[in-house]
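Subject: Structure handover

Hi,

Here is the structure I promised to pass on to you. Could you open it alongside this email while you read?

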Amino acid sequence: MAVLAYSLGKREINHYFTIKNAKLISLVAVIVLLVFHTAQRYYGGGDTCEWLLSSGRYLGENVWQPHGCMMHKYKSTEAKTCLAEKRVAFLGDSRIRQLFYSFIKIIDPEQREEGSKHENIPFEDDSSSVNVDFLWYPEANNSMKDRLVSWTQELSAKPDVVVLGAATWSIKLHSGSSETLQQYKVNLTSMSAPLERLAEDGEVYWVLQDPVHEAVLSESRRMITNQQLQLYNEVAADVLNSSKRNARARVKLLAASRQAAMETISQSADGLHLPESTRNVGAMVLMNAVCNKLLRPIDGSCCQTLPVPNLLQKLSACVFLGSALVFLVLHALGHNHHRRHVPTDVESLEERKPAMAAAPLGPKAPFQALCRMGIIMAYFYLCDRADVFMKEQKFYTHATFFIPLVYIVVLGFFFNEHSKETKLLNREQTDEWKGWMQLVILIYHISGASAFIPVYMHVRVLVAAYLFQTGYGHFSFFWLKGDFGLYRVCQVLFRLNFLVLVLCVVMDRPYQFYYFVPLVTFWFVIIYATLALWPQILQKKANSSGFWHFGVLAKLLGLLLFICFFAYSQGFFESIFSAWPVSKLFELNGSIHEWWFRWKLDRFAVIHGMLFAFIYLVLQKCQVLTESKGENLFSAKISNLLLFLSIVSFMTYSVWASSCKNKTECNEMHPYISVVQILAFILIRNIPGYARSVYSSFFAWFGKISLELFICQYHIWLAADTKGILVLIPGHPSLNILVSTFIFVCVAHEISLITNDLAQVVIPKDNAALLKRLAAMGVCSLAVLLLTRDNHQPTTTPDA
C-alpha cells in the first residue's frame, strides 16, 4: 500500500509540476526580481560604492563582506599600478595613523610602524612614484582647515586622495562638553567648502569614529564614550551630507571600518585603538573605493562602472533581436508547424526512440530557438556584466560544503528506480554518474571548497572521471558502430561548443576561460583521429581475426606515447598551442599556462577510459561477464576480491588526499592515481547485481544536462566569473540559494533543448550541404578572429 501511495503521489505531482511549468515560474521570478532590484536601485538610493563604504558583515574572523558587492583583496603590484604617480594624504589622530600604516602595508608588505607618534610620517615607493603622507592633526580645527585651503590654492601640492577624521582628542581635551561638540560642528561646516573643492578633482573620505571598549580605557580616556562618539559621527554625517549640489564633488563617509570595529573592539589592547585585522578591513575598503574603477578586477564589483559593450556584443544583440523579429513575422504568417527533437546525449548521440514518427522542424524553429537563447543571454548579461543584481564573495566552512552534500545524497537515494538494462555502465547509470558528480562540483564551487585540500583532490578525481567517460563513450561508439562520418563529428562538436561560443561573445570571455569544454573538445578530436586513421579497426573486423585486437592496442600505445611526449616537452607544447590562430582557442590573458595546467592534470584519464572500454567490450563479447539481472558481474570469489580491493583503494586514496601538504604536491601525483579511484567506483557500482539493476532518477535527470549546468554556473548561479555568489534575494542566504538554483537549473535545461533544436538545423545530414556551411562558418570565424586579434581582455581564471 505504501508503495502504491508513493507511486500515485509521485504521478500526481508530476502531472501539475512539469518542467514546462517550472520554467514558467522561473521566468516570472526573474521578471519580478529584475523589477524589484531596479526599483531598489532607482528609488532606494545608494550604489555599490556607498555599500562598500557604509555597511557589511564578517563572514569569518578576518573576512569582511560589504553589503551587496564583492571586495577585491589587493596585492602589492596591483596597488602600485593603481596609485602610480599619485599622492595620498591621511590627516588626523592616532587612529588615522593606524589606517595609514595598514594602507601602505598593502603597497609594501614589509613596511613597519616606525614613525613618531605625534609627527608627520612620509612614505614613498620609488618603483611606482606613489607618495602617501600622514599628517598629524588630532583635532578638526583651523589648523586642519588651513592645510585643506592651502591644497586648493597650490595645485601642484594637492593630493589625489585625502583621508581624514578626528574627534577623540576634542572629547578628551574638553571632557566631552556640549560646547566642544557645537564648535566641532562649526569647524566641520567651515571645512566642508575646501573639502568639496578637493573632491572636484580627487577623492575625499571622512572616516567616522570607531567605537571604543570603555571597560579597558585608561583613566585619561574615560570621557571618550561610545555615546560621545556617536554624537560626533552624527554631526559629521549631517554637515558633510548636507551639501549635495555636485554629487561628483561629494565628500564620502567611511563607516564600514566602524561597523567592523563594533564586533572586534573588545580585542583592543587599550580600548581605543583597533586590532590589526580590523584596521586592515578599513584599508582594503579604501583601496577598493579608489582602485576598482581603474583596474576593474572581476572579483571587485564594488565601486565599478559598467563596461561599454564591444563590437561583438553589439552584433550578437542584433542577431538575437533580428531572430526575434523574423520569428514574429513567420508566426504572424501562420508558420506554426514545429516540434522539438528528442534530446540526445553528447557523448553517445543515441536517441530514445519516440513512440511514433515526428514531423520535421518547421521554418520558424531556428528563429524561435535563437529568440529564446537571446532572452537567456540577456539574463546572463544582467547577472554578471550589469550592475543590477548583487554579488557576494565566497567563504568556505565545512558546513557549507558537507551539509548540502548530505541533502543531495538523501534525495538521490530517495528517487530510485529499476534500470531498463543491467549492463555495466548502462545509459541510465552513466547519466546518474554524471549527475551526482555535477551536483558535487556545483556545491564545491559555491562553497569555495577548493581551499580545503582533501575536498579539492576528490573533486579533481570527478573531473578526471568526466574525461574517463569521454574516452569510454566515444571509443564504445566508434568500436561498435564505426560511424566516422562528418555529420557525427560536427554534431558532437556543435553540442559541446555552442553554448560556450555564444558566451564567449556575449560575456566577452576567451574560449579557454570555460576550460572544461576546450578540454573535452580536444580529447574528442584526438579520440576520433586515433580510431579513424588507417587502419580503422571495428568490432566486426576484430571478431573475424583476433590479430586486430593487437592493432587497437598498438593505436592506444601510440596515443600514450603522444601524450607522454607532450607532457614532458613543455616548450614544444607551448610552441604548438601559441601559434595563431590556434592560440585564440587556448590562450588566457596572452598565455597558455592555464591550458597547459588543465591538460597535464588529467592527461591520462581519456586513454584510461578508452582502454577500459576496449577490455570490457572484448570480455563482454567473449561472454566472460555475467550481466543478467540480479547476478554478480563475476564469480563469487572474484567479485568479493575485487570489491574488497576497491573499498581499500577508496579508503587509501582518501587518507592520501588528507595527508597532502599542498595542491602542487597532490597535483603531481593525481594523473597517475586518479584512475584507481575511478575503477574502484565502477567496480563497487557494477559488480553486485542488485546495484546494477537500480539507479537514481534524480541524479540521472541532472546528468542529462550536466554540461549546461557546468557552464551556466559561471554567470547565473555563481557570479564574477565564479569568484563570487549571485545574490537575487539579499539578506536571506538560504532562500537566495534556493531561488537562484531553481532559475539556474531551468535555464540549463532550456539551453540543452535549444542546442538540440539548432543542431538539427545547423548540421544537415547531407555532406555537400554540410561542407558549404562549414566553409561559411570558417569564413565567419576567421573574420571574428581578425576583429579580436589585438583585443586582450584581462581575465581571472575560474575556480579549480
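Below are some notes on its salt bridges and nonpolar cores.

Please keep in mind that this is a predicted model, in which local features need pLDDT of at least 70 and side-chain atom pairs count only at pLDDT 80 or more, while totals for chains, interfaces and linings use all residues. Residues are numbered from 1 along each chain as its sequence is written, and side-chain values use heavy atoms, with hydrogens and water left out.

Salt bridges

I counted a salt bridge wherever a side-chain nitrogen of Lys or Arg is within 4 Å of a carboxyl oxygen of Asp or Glu. By that rule there are 23 salt bridges.

One of them pairs D133 with R87, with 3.5 Å between the closest N and O atoms. These two residues come from distant parts of the chain, 46 residues apart: D133 sits in strand β5 (residues 130–136) and R87 in strand β3 (residues 87–92). Helices (H or I, at least four residues) and strands (E, at least two) are DSSP runs, numbered from the N terminus. D133 is buried, at 17% relative accessible area, whereas R87 is partly exposed at 27%. Here buried means under 20% relative accessible area, exposed over 50%, and partly exposed in between (1.4 Å probe, protein chains only).

A second pair, D431 and R427, has an N to O distance of 3.6 Å. Both residues belong to helix α15 (residues 427–447), where they are four residues apart, about one turn of the helix. D431 is buried, with a relative accessible area of 1%.

D721 and R509 also form a salt bridge, at 2.6 Å from N to O. This pair joins distant parts of the chain, 212 residues apart, with D721 in the loop between β12 (718–719) and β13 (724–727), and R509 in the loop between α17 (486–506) and α18 (516–532). D721 is buried at 0% relative accessible area, and R509 is buried too, at 8%.

Nonpolar cores

A nonpolar core is a set of buried Ala, Val, Leu, Ile, Met, Phe, Trp, Tyr and Cys residues joined through side-chain atoms within 4.5 Å. The largest has 143 residues, and M377, F380 and W599 touch the most other members. Helix α16 (residues 453–481) gives the most to this core, contributing 18 residues. Apart from that core lies another, of 45 residues, including C49 and V161.

Best wishes
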